[in-house]
Amino acid sequence: MNLLIGGTEISESERAYLLKAKSLFEAGEYFPAVVHRMEITFRPIAVRKELTPDMAEFYTGFMKILRETLPLGSTPAMLQGMLL
């Protein structure tokens, strides 16, 4: 993520979203919840195929990250209530 933030191949809005996520990680927010928020934030942009190529590649890994970091028996849908 730091490489994306520091790179020149992403849009300014993508950078702003990533910086927000980074600040949440650094503040100790629950890792899967932040990844889920990023997925939700970038989903409409991805559906419209408006992500930059580097961000699109990063975005495709969100669900894998969630599956690997959520506690056993949890699903990303369970995070919905944590986003408020």
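Contact here means heavy atoms within 4.5 Å. By that criterion, and leaving aside neighbours within four places in sequence, Glu-14 is in contact with Phe-42, Glu-50, Leu-51, Thr-52 and Met-55. The model is a predicted one, in which local features need pLDDT of at least 70 and side-chain atom pairs count only at pLDDT 80 or more, while totals for chains, interfaces and linings use all residues. Residues are numbered from 1 along each chain as its sequence is written, and side-chain values use heavy atoms, with hydrogens and water left out.

**Overall make-up**

- The chain has 5 helices and 0 strands; helices (H or I, at least four residues) and strands (E, at least two) are DSSP runs numbered from the N terminus.
- Read from the N terminus, the order of elements is α-α-α-α-α.
- Of the 84 residues in the chain, 31% are buried; buried means under 20% relative accessible area, exposed over 50%, and partly exposed in between (1.4 Å probe, protein chains only).
- Taking contacts between residues at least 6 apart in sequence, 54% join residues at least 24 apart.
- The chain has an accessible surface of about 5,500 Å², and carbon and sulfur atoms account for 59% of it; the areas come from the Shrake-Rupley method with a 1.4 Å probe, and for residues only the protein chains shown count as cover.

**Packing of α2 and α3**

- Helix α2 (residues 12–26) packs against helix α3 (residues 31–47) at an angle of about 170°, the axes being 10 Å apart.
- The two helices, α2 and α3, are therefore roughly antiparallel to each other; the label applies to angles over 145 degrees, whereas under 35 counts as roughly parallel, 65 to 115 as roughly perpendicular and the rest as oblique.
- On the α2 side the contact is made by Glu-14, Tyr-17, Leu-18, Lys-20, Ala-21, Leu-24 and Phe-25.
- On the α3 side the contributing residues are Phe-31, Val-34, Val-35, Arg-37, Met-38, Thr-41, Phe-42 and Ile-45.
- Axes are lines fitted to C-alpha atoms, for helices over the stretch in contact, and angles run from 0 to 180 degrees between N-to-C directions.

**Glu-14**

- Glu-14 lies in helix α2.
- Glu-14 is buried but has no salt bridge; a salt bridge requires a side-chain nitrogen of Lys or Arg within 4 Å of a carboxyl oxygen of Asp or Glu.
- The nearest side chain of opposite charge to Glu-14 is Arg-15, 7.5 Å away; Lys and Arg count as positive and Asp and Glu as negative, with His and the chain ends not counted.

**Salt bridges**

- The whole structure holds 5 salt bridges.
- Arg-15 pairs with Glu-12, their closest N and O atoms being 3.4 Å apart. Glu-12 is exposed at 60% relative accessible area, whereas Arg-15 is buried at 13%.
- Lys-22 and Glu-26 form another salt bridge, with closest N and O atoms 4.0 Å apart. They sit 4 residues apart in α2, again about one helical turn. Glu-26 is exposed at 59%, and Lys-22 is partly exposed at 26%.
- In helix α5 (residues 62–69), Lys-64 and Glu-68 are 4 residues apart, or about one helical turn, and their side chains form a salt bridge of 3.6 Å, N to O. Glu-68 is exposed, at 55% relative accessibility.

**Arg-43**

- Arg-43 belongs to helix α3 and is partly exposed, with a relative accessible area of 36%.
- Arg-43 and Tyr-59 are 16 residues apart along the chain, and their C-alpha atoms are separated by 8.4 Å.
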